[in-house]
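Biologist: I'd like to learn how to read pockets and helix packing in a model like this one. Can we go through it piece by piece?
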Amino acid sequence: MPEPKAASFPKIRGALTFYQIASIITGVMLLLLLTEMIFKYSPIHLELFAGGSGGFLWLADVIVGDGCQWFSLFVPGGMGCELVSVGDGTNLSLLVLVAHGWFYVLYLFAIFRLWSLMRWPFSRFIILALGGVIPLLSFFMEARISREVKAYLASREAAMAADSQTQEAAQ
């Protein structure tokens, strides 16, 4: 496996910082999305709204259609099951869904940049990409990858410094 070039170490540090920020934001947005989905698709059937008739922040009921069975909400496509929200104002649940999607795209860009600079195998990219769709994984991956990249850079820089000292001593 090829190793990163020493000239790319500053780019790697920048890519790592970008990855750390994107990872935390994506992880938080994924947890908010998970909470929203539990509220909407569990027997609670609620969505979060801002403004409108309920006040600043409020939970509106979601009406489940007649053709819905308890399991139809877990089947892709919902088996024709229709959910209708009675809230008015800004649907924050929908905003969380859209925001997570866009932050996930940003997260994919961040991991691609770090992955390509570090010259890791493609399997590492796939594992990192899963961090944005599996709840809590992005937080664990961020800590592990940050520690690993920082240790790698420190060891390579120490080895390069030792090599340059050896060359100077030989002259």
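This is a predicted model: local features need pLDDT of at least 70, side-chain atom pairs count only at pLDDT 80 or more; totals for chains, interfaces and linings use all residues.

Biologist: Okay, so how does the lining of the largest pocket divide by class?

Modeller: The general idea first: rolling a probe the size of a water molecule over the atoms shows where empty space is left. Here, the largest pocket has a volume of about 170 Å³. Its lining has seven nonpolar, two polar and two charged residues. The residues lining it are Leu32, Thr35, Glu36, Phe39, Leu46, Glu47, Leu48, Leu59, Leu92, Ser93 and Val96.

Biologist: Which element gives the most to that lining?

Modeller: That's α1, with four residues. The elements giving two or more residues are α1 (9-41), β1 (46-50) and α2.

Biologist: Now the helices. What should I look at when two of them pack?

Modeller: Two packed helices are described by the angle between their axes and the distance between the axes. Take α1 and α4: their axes come within 9 Å and cross at roughly 170°. Angles over 145 degrees count as roughly antiparallel, so α1 and α4 are roughly antiparallel to each other.

Biologist: And which residues meet there, between α1 and α4?

Modeller: On the α1 side they include Phe9, Leu16, Tyr19 and Leu31, and on the α4 side Phe139, Ile145, Leu153 and Met160 are among them. By class, the contact of α1 with α4 has 13 nonpolar, five polar and five charged residues.

Biologist: What about α2 and α3: at what angle do they pack?

Modeller: Helix α2 (residues 92-118) packs against α3 at an angle of about 155°, with the axes 10 Å apart. They are therefore roughly antiparallel to each other, and α2 passes α3 in a right-handed crossing. Tyr104, Tyr107, Leu108, Ile111, Phe112 and Trp115 in α2 meet Phe122, Phe125, Leu128 and Ala129 in α3. That contact has ten nonpolar, no polar and no charged residues.

Biologist: Last pair: how do α3 and α4 pack?

Modeller: Helix α3 (residues 122-130) and helix α4 (residues 137-170) have axes 8 Å apart, at an angle of about 135°. That makes α3 oblique to α4. Arg124, Ile127, Leu128 and Leu130 of α3 make the contact with Leu137, Met141, Ile145 and Glu148 of α4. This contact of α3 with α4 has six nonpolar, no polar and two charged residues.

Conventions:
Residues are numbered from 1 along each chain as its sequence is written. Side-chain values use heavy atoms; hydrogens and water are left out. Axes are lines fitted to C-alpha atoms, for helices over the stretch in contact, and angles run from 0 to 180 degrees between N-to-C directions. Angles under 35 degrees count as roughly parallel, over 145 as roughly antiparallel, 65 to 115 as roughly perpendicular and the rest as oblique. Contact means heavy atoms within 4.5 Å. Ala, Val, Leu, Ile, Met, Phe, Trp, Tyr, Cys and Pro count as nonpolar, Asp, Glu, Lys and Arg as charged, and the others, Gly among them, as polar. A crossing is left-handed if the near helix is turned anticlockwise from the far one by less than a right angle, and right-handed if clockwise. On a 1 Å grid over the protein atoms alone, a cavity is a set of points where a 1.4 Å probe fits but cannot get out, and a pocket is an open set with protein on both sides within 12 Å along at least five of seven lines; lining residues have an atom within 4 Å of a point. Grid points are joined across faces, edges and corners, and a volume is the space filled by probe spheres set on the points.
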